[in-house]
Amino acid sequence: MKPSLLLPHRLHRNFWLILTLLALVFPFSLAQAQAPAISDQEVTRQVEALITQMTLAEKIGQLTQFGQLTQGDGNPAGEKEKEKPEDKIRRGAVGSVLWLQEPAAINRLQHVAVEQSRLHIPILFGLDVIHGLYTIFPAPLATAASWDPKMVEQEQTYAAREASAAGLNWTFAPMVDIARDVRWGRIIEGAGEDPYLGSAIAAAQVRGFQGPYLGSPGHVLATMKHYAGYGAADGGRDYDSSYLSDSQLWNVYLPPFHAAVQAGVGSAMSAYMDLNDVPASGNKFLLREVLRDSWGFKGFVVSDAFAIRSLMKHGMARDGQDAAYKAFTAGLNMDMASDTYLNNLEGLTKQGRITEREIDDMVRPILAVKIRLGLFEHPYVDEARLDAVWHTPEHRAFARTAAQRSIVLLRNEGSLLPFDKNGQRFSSIAVIGPLADAHRDLFGLWGTITGSKAPAVSVLEGIRSAVGSGMRVEYAKGPALRRDIPSFFENLAFADIHEDPPQSPEDAQHALDAAVETARHCDLSIMVLGETALMSGEAASRSALDLSSRQQQLLEAVAALGKPVVLVLVSGRPLSIAWAAEHVPAILEAWYPGVEGGNAVADILFGEATPGAKLPVTWPRSVGQEPLYYAHNLTQQPETDADFKSRYWDQLTSPLYPFGYGLSYTKFSFSNLKISNAQPRLGETFGVSVDVENTGNRAGAEVVQLYIHQQAGSASRPVRELKGFEKIDLAPHEKRTVTFSLGKDELSFWSPGLKKWVEEAEEFDVWVGEDSTATLHGKFRLVP
Ligand code: BGC
């Protein structure tokens, strides 16, 4: 890099550093300290200075992400000779590298790029830091259950700190896909079914990862993914096609992406699947018309892994060149791991099918990001610093609090929970189940792939360290737990993930009997059942939601002993627990709770923490109800009609637990709903307030939720839509007034009839309460 290019950048950085220090000493407007370290004009100047020096091949290199699994371009002409990454980097054929996580390995390749390539352009190192790198925090669906965007932002701030200390400058997160079918394995990576909650969580994650501006120290570039519609896979089958109407796209699936763009996300990842028959990675409508033309996104788009090459598999591209052409012209900047751009863009330029100017346009945002991140000045990472950054009590303590705040209490008959840990009510506990002493499974799939450094605390260990010496704790695993069809992640060289080995029916029965015997000798049982890390996540969709591998049998056999049972679910999605919901008095959903999961579960069981999380997804009674979501339309003959009560003759339509649901150890009451203006004008913003009181004797957190329904208009509207929420902590008997504001943003929708965004002069219902079945009701009418 030429010094002339660096000088102004440095001056800027020093200026802002001094300003930030001053701001700390003299608390004047901190907003100024949040401004980027480099101006847009300066970024543009540096980008153009580089572009003019670059050869066509070097430009194409910037559009190429090297992956260890790269295997040629899939062109029928044959596989390319494998070339070492160092050689590729040296000749300027690599703009980014993925799947590295060790600082020494990252530095080694960065040295080649910065010291040995002609233009010394540093590399972007990207990895899936989804919910922590070395300290694994609760999985995204779990933290969405906290309904606490500030906590989510904090989690990703810690994750970014660890990632940047490892030398990574880019995470492939957040995943902001809406998912309304819990069979889809990747529902665990997102914020659930709702666009409003999903948008709030998406923006919080972007802020956490990127900090106040792109290039903030200790932060990384974020990626919103998978753009778009991946969560709507047919039948919940991962990678399968999605078919989404315009209304579903604009009103449900796109809003979290838009929120991420508005929060300043620097990159996006195109999805794998076909959206309405056009693969997302070759989809001009998504990548140009919506993302850039309509939303003004200025960052760059990377494909999902091999997705450009896969355009051939989809049946969209004839060959590698056609795939490169279609992805490139659709607006996809960077090729993840397939080398399809590397091998074909030059040929396409020479044939005149694309121009070098178009290539320049695709390279610009990538260079701009590298400049904003400060990579030209600080390309290397201090390898000695990593351990001091991640291995801290602060990160562990946060992991514990985050898990406590993510665990949902689904049932608590007769206030069985919390238990007294000193053995006054019970003097012995059986901790039972295949996940009771699981460690890595508490990380979920991505956490298991990256979280190799910090051991998790199992639920058994958490309980053992929580109870007093007066309590006897026994453990039995029960039958082995594994998928019917193994996951391909189980065999990946770089990931140490395994399920239990297969077990004969006799051995399984023996293990089951032994577990029941253990329970028989104790006063109560805590059963930890659910899904291994490999049962949820990518390539982990399922057709049934049962407690698999004899877990249901185990649960029923232990419950038949007639002693108290608590069911702790470790899972990536709601499971079929209709039987448990009737027969097991206390049920907790712990999701994949991360490194401090066992301690957090024990904190809830023994009342060190009060549960306050709420479901970010509707919990079905059985798999046959899927997709099931609260914001459905009424349409013809609703289930509430006297004569047409049911839509299934073998099952109710209602869920087992509604969206937004979750119990506490205390109770809250809602009253005094007030609407500041019963007849607001279109475009006007007005207030809805409610009094919330903690009526119990224990402090607790409640998520106050506001739902609306538009009664008539140019299209049918959902029976309810979340349009406001706030998590509040209340002391015993404390009462607080919570005020929400409603205005154009909340009351507009994309009208499929009119094919545009509208806010309509109609009557609306509004409800405020503790979940999506809230009954405290008011009305207002929007007037022209
Ligand atoms: C996943 C992405 C991920 C990428 C890189 C893909 O298989 O769909 O979510 O970011 O791999 O690891």
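A residue counts as buried when its relative accessible area is under 20%, as exposed when that value is over 50%, and as partly exposed in between. With this in mind we can read the structure above, which is a predicted model, beginning with R717, which has a relative accessibility of 9% and therefore counts as buried. The side chain of R717 meets that of E721 in a salt bridge, with 3.3 Å from N to O, and because E721 has a relative accessibility of 15%, E721 counts as buried too.

This pair is one of the 35 salt bridges that the structure holds. Another joins R108 to E86, whose closest N and O atoms are 2.5 Å apart, and this pair links distant parts of the chain, since R108 belongs to helix α5 (residues 103-116) and E86 to helix α4 (residues 85-90), 22 residues apart. Here R108, at 45% relative accessibility, counts as partly exposed, whereas E86, at 18%, counts as buried. In the salt bridge between D240 and R237, the closest N and O atoms are 2.8 Å apart; D240 is partly exposed at 25%, and R237 is partly exposed at 45%. Salt bridges can also form a network, as they do among E48, D361 and R364.

We turn now to the ligand, whose surrounding residues include W99, D128, K225 and E538. By class, this shell has 6 nonpolar, 1 polar and 5 charged residues. A polar side-chain atom of D128 lies 2.4 Å from an oxygen atom of the ligand, while for W99 the corresponding distance is 2.8 Å, and for K225 it is 2.8 Å. The protein covers 96% of the 310 Å² of accessible area that the ligand has on its own.

Methods: Residues are numbered from 1 along each chain as its sequence is written. This is a predicted model: local features need pLDDT of at least 70, side-chain atom pairs count only at pLDDT 80 or more; totals for chains, interfaces and linings use all residues. Side-chain values use heavy atoms; hydrogens and water are left out. A residue is near a molecule or strand if one of its heavy atoms lies within 4 Å of it. A polar contact is a pair of N or O atoms within 3.5 Å; within protein, one must be able to donate a hydrogen and the other to accept it, and residues adjacent in sequence count only if both atoms are side-chain atoms. Accessible areas come from the Shrake-Rupley method with a 1.4 Å probe; for residues, only the protein chains shown count as cover. Ala, Val, Leu, Ile, Met, Phe, Trp, Tyr, Cys and Pro count as nonpolar, Asp, Glu, Lys and Arg as charged, and the others, Gly among them, as polar. A salt bridge is a side-chain nitrogen of Lys or Arg within 4 Å of a carboxyl oxygen of Asp or Glu. Helices (H or I, at least four residues) and strands (E, at least two) are DSSP runs, numbered from the N terminus. Buried means under 20% relative accessible area, exposed over 50%, partly exposed in between (1.4 Å probe, protein chains only).
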